[in-house]
Amino acid sequence: MTSWSGTAKGAVFPARPVAHPRARLFLFHHAGGSHQVFRDWDRHLPGDWEVCLTDAPGRGMLADQAPVADVQTLVRHFMDELLLWLDRPFAFFGHSMGALVAHELTLALRGARLPLPVWVGVSARGCPRAVRERPTTLHALPSSPLREELKRMGGTPGHILDDPELWALLEPVIRADFSVVENWRPAADRALELPVPFSVYGATADPWASPAELAGWSEYGDRFQGCRLFEGGHFYFASRGAEIPVLVREEVQAALNGVPSRSSR
């Protein structure tokens, strides 16, 4: 969980505008977070890519909007804005709640017969089967135990959790985001396999997405590219500098090989 600033201009916006980008990489944040968690990634990615940051309602320039508490509404929120950005090859990377968004958004694009990402990165979220088998109810915890869980999870600055006024601002967003994640239940007859190349990222000591739960993603598409595990917890990439964005860059570049260029916007 991270704090956020008011620098965003909408649900989707470039970290650094590129006139005629070769590709776009969309980054989706975790529950309680914002685009700020990816604020440095563009420095480690090619100059001819447009790195697109995203915010769910309730943060950034969308702070005046009510946070969304179900995944269908959240996916529609992003899909409506993404339509103007799909005119060239693109990829998704999502962390935790953002991984759920990236997965569901890819399926929604397929259902609407719209362009699909060339690659999807799923970070710190167990496979759908594992999530169904281990339900959690953090969104329903009383305030004090919820703050303790957030401290244990890491990622939220302590001064926010300990300051009553800042916590009052964050708590509704946290509860809505956890509701998105914890109440996700796909229809029994709905296909969940990703139709594009995808990779899984995670940590060896993440209590919310174990190595076995991450490895289970291999069942969800025949273009599974493997699982990359790192030492650490749920926010394993926070202290790894350029390592994760560089790996993502390599995977997207590999996926872009053979993808025909599209006309410039």
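Accessible areas in these legends come from the Shrake-Rupley method with a 1.4 Å probe, and for residues only the protein chains shown count as cover. This is a predicted model, in which local features need pLDDT of at least 70 and side-chain atom pairs count only at pLDDT 80 or more, while totals for chains, interfaces and linings use all residues. Residues are numbered from 1 along each chain as its sequence is written, and side-chain values use heavy atoms, with hydrogens and water left out.

**View 1. The whole protein chain.** The protein chain exposes about 11,200 Å², of which carbon and sulfur atoms supply 52%. Its secondary structure comes to eight helices and seven strands, where helices (H or I, at least four residues) and strands (E, at least two) are DSSP runs numbered from the N terminus. For 265 residues a compact globule would have a radius of gyration near 18 Å, and the 17 Å of the protein chain agrees with this; the radius is taken over C-alpha atoms, and the globule rule is 2.2 Å times the number of residues to the power 0.38. Buried residues make up 53% of the 265 residues, where buried means under 20% relative accessible area, exposed over 50%, and partly exposed in between (1.4 Å probe, protein chains only).

**View 2. The nonpolar cores.** A nonpolar core is a set of buried Ala, Val, Leu, Ile, Met, Phe, Trp, Tyr and Cys residues joined through side-chain atoms within 4.5 Å. The largest one has 56 residues, and Phe26, Phe78 and Phe92 have the most contacts inside it. Helix H2 (residues 97-111) contributes the largest share of this core, eight residues. A second, separate core of 27 residues includes Ala23, Tyr201, Phe230 and Ala255. With contact meaning heavy atoms within 4.5 Å, and leaving aside neighbours within four places in sequence, Phe26 is in contact with residues including Val12, Cys52, Trp85 and Phe93.

**View 3. An aromatic cluster.** Phe38, Trp41, Phe93, Tyr201, Phe230, Tyr236 and Phe237 form one aromatic cluster. Rings of Phe, Tyr and Trp (its six-membered ring) pair if their centres lie within 6.5 Å, and planes under 30 degrees apart count as stacked, over 60 as edge-to-face and the rest as tilted. By this rule the count comes to 17 aromatic pairs. The ring centres of Phe38 and Phe93 are 6.2 Å apart and their planes lie at 85°, so this pair is edge-to-face. The pair links distant parts of the chain, with Phe38 in the loop between E2 and E3 and Phe93 in strand E4 (residues 90-95), 55 residues apart. Phe38 is buried at 1% relative accessibility, and Phe93 is buried at 0%. Tyr236 and Phe237 also form an edge-to-face pair, 5.5 Å centre to centre with 85° between the planes.

**View 4. Asp42 in its loop.** Asp42 is placed in the loop between strand E2 (23-28) and strand E3 (49-54). Asp42 is buried, with a relative accessible area of 15%, and, neighbours within four places in sequence aside, is in contact with Ala15, Arg16 and Val51.

**View 5. Two residues with positive phi.** Arg113, although not a glycine, has a positive phi of about 55°; Arg113 lies in the loop between H2 and strand E5 (119-123) and is exposed, with a relative accessible area of 79%. Ala124, likewise a residue other than glycine, has a positive phi near 60°; Ala124 lies in the loop between E5 and helix H3 (128-133) and is buried, with a relative accessible area of 3%.
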